[in-house]
Amino acid sequence: MIIDHPLLGPRDISEFIYLGDASLLNRPKWDAEDAEHSFYEYLYLRKNIAGVHKELWFHQQGDRSWLVISRNTLTHEITKVDLVGNHSKNMEILND
Amino acid sequence: MRYNWLKLLKEGFNNNSGWEKTWKNPELKKEYDIIIIGGGGHGLATAFYLAKEFNIKNIAVLEKKWIGGGNVGRNTTIIRSNYLLNENEAFYEFSLKLWESLEKQINYNAMVSQRGVLNVYHSDSQRDSFTRRGNSMIINGADAELYDVNKIKLLYPFLDFDNARFPIKGGLFQKRGGTVRHDAVAWGYAHAADQLGVDIIQNCEVENFKFKFGACIGVETNKGFIKANKVGCAVAGSTSLLMSKANMNLPIESHVLQAFVSESLKPIIPGVITFGAGHFYISQSDKGGLVFGGDIDGYNSYAQRGGMETLEDVCEGGLALMPIISKTRLLRMWGGVMDMSMDGSPIIDKTHINGLYMNAGWCYGGFKATPASGWCFAHLLAKGYSHALSKNYRLDRFKNGYMIDEKGQGAQPNLH
């Protein structure tokens with residue numbers, strides 16, 4: 001796979017590290033009533049989508065930026081690549 | 001039909017015209033005691049042990065495609081029981097013991113070959129951790145031997161012992177480990193289960209569960225509704241998709257694992273070897289092809305194929321271990337979808353819904369577990385409570401903090 005990095009252009013996947021579902025950006029509030037349960041869900045449960053999946057990749061062998069990538073898990077087709085900073089401001093568009 | 005010498009002799013004179021199908025294609029009934037979703041190794045083994053050991057006869061195995069087309073036919077055929085943690089080691093040792101008597105049990109030649117599994121180590125600290133693992137194996141009734149370099153040289157003189165970066169210092173050897181013809185495992189279990197009256201239904205995809213008063217009472221399929229007292233799911237990489245129909249979110253990610261086969265060579269590798277400094281394992285099939293693999297590709301995937309970067313990584317590991325294979329040409333490669341759990345260990349448990357059971361989270365170690373997985377899942381389905389060996393494979397262990405994390409990687413499925 002080739003990832004079209006928003007700043008660096010097309011880069012080979014071997015330069016990147018995969019973290020997982022981009023909903024990991026939605027960290028639960030630590031002082032909420034149901035924090036224990038929310039952190040269990042946050043840490044362990046996944047939607048594991050078959051289709052377009054928003055996910056976090058780290059450009060470890062490059063500029064060390066974090067990316068949110070929309071990729072189809074059935075075909076491996078990447079439709080959108082974005083810097084994570086552009087995402088954290090409007091989290092409702094993530095998988096959860 | 002039972003395979004035996006007399007039948008073989010008769011068919012030899014009969015131009016092989018009287019062989020029946022390995023399993024029947026029966027008519028789907030309206031109702032079963034137990035429905036197993038997924039006609040892979042685990043599902044078929046479950047049905048077989050339900051019929052044989054737990055005396056339940058009215059069973060159906062529903063397979064969405066064909067028998068032997070999923071992960072049971074997409075692995076590197078290795079069997080072993082060399083785990084560290086007690087929760088795993090006892091279970092996998094039970095599995096290895098079942099492999100040893102499998103062919104008699106199912107009356108089918110699965111080519112079980114206990115040719116020995118060798119894990120090489122490259123440093124003092126790795127030796128210490130392998131020694132610890134070996135002791136854990138012995139404590140749990142398995143066999144393990146620590147080999148020094150000279151012993152390995154007798155077995156595999158062609159390894160790169162004096163590699164400057166990863167010199168081979170020794171290895172952990174399990175003599176009873178080995179390989180099994182994976183397709184024959186699927187066909188053999190299907191044959192044996194069919195002999196005991198299990199209905200094996202191919203091209204039957206489950207589209208939904210049916211619930212009544214909070215209990216699962218059957219499944220909706222492309223061939224209509226089928227009623228069942230109990231439904232067991234053993235669908236590996238598709239587990240999240242199937243269980244989402246029961247509104248369950250699982251501690252599982254689906255990842256693709258690739259396997260590779262070279263052109264046929266003269267016999268060179270008598271057993272199974274794994275590299276200690278990278279992820280690479282290899283054996284040689286009876287046809288002569290080198291069968292090898294490595295890590296999962298590392299990203300969520302439902303495609304049964306992977307990328308070239310993993311192939312490159314696997315081959316680099318292979319060449320670092322045994323430069324002798326550098327001129328070998330690759331013949332085939334394929335991928336399977338793994339149900340990677342959050343702690344790297346499987347789940348064999350009831351769900352919160354009455355009558356609905358699941359068997360999943362095998363990561364990329366599901367093949368060797370096939371007999372024990374089937375046995376323990378059958379036990380759970382038949383008796384309603386877990387077998388002693390799978391009682392730790394609970395679905396709620398993530399919530400309660402009883403993870404079984406063999407590699408100590410934490411909740412990161414692509415690292416297990």
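**View 1. An open sheet of eight strands.** In chain B, eight strands form an open sheet in the order E5-E6-E4-E13-E14-E15-E12-E16, with mixed pairing. Strands are DSSP runs (E, at least two residues) and helices are runs of H or I (at least four residues), both numbered from the N terminus. Two strands pair if DSSP finds at least two bridges between them. E5 and E16 (330-341) of chain B stand at the edges with a single partner strand each, so one side of each has no neighbour in the sheet. On average, neighbouring strands are turned by 25 degrees against each other, direction ignored. This is a predicted model: local features need pLDDT of at least 70 and side-chain atom pairs count only at pLDDT 80 or more, while totals for chains, interfaces and linings use all residues. Residues are numbered from 1 along each chain as its sequence is written, and chains are lettered from A and ligands numbered from 1 in the order in which they are written.

View 2. Five of the five residues of E6(B) are buried, so the strand is largely enclosed by the rest of the structure. Here, buried means that 20 or more other C-beta atoms, placed from the backbone, lie within 10 Å of the residue's own. Gly170(B), Leu172(B) and Gln174(B) cover one side, and Gly171(B) and Phe173(B) the other. Strand E4 (residues 117-121) of chain B runs antiparallel to E6(B) and is joined to E6(B) by five bridges; Leu118(B) has Phe173(B) as its bridge partner. Strand E5 (residues 145-148) of chain B is also antiparallel to E6(B), with four bridges. Glu145(B) is partnered with Phe173(B), and Asp148(B) with Gly170(B).

**View 3. Helices H2 (residues 41-52) and H9 (residues 370-383) of chain B.** Their axes come within 7 Å and cross at roughly 55 degrees. Axes are lines fitted to C-alpha atoms, for helices over the stretch in contact, and angles run from 0 to 180 degrees between N-to-C directions. Among the residues making the contact are Ala45(B) and Tyr49(B) of H2(B) and Trp375(B) and Phe377(B) of H9(B). Contact means that C-beta atoms, placed from the backbone, lie within 7 Å.

**View 4. Where chain B meets chain A.** Here 21 residues of chain B are in contact with 20 residues of chain A. The elements giving two or more residues to this side of chain B are H7 (239-243), E12 (252-264), E15 (289-300) and H10 (397-400).

Terms used. A residue is buried if 20 or more other C-beta atoms lie within 10 Å of its own, exposed if 12 or fewer, and partly exposed in between; C-beta atoms are placed from the backbone. Two residues are in contact if their C-beta atoms, placed from the backbone, lie within 7 Å.
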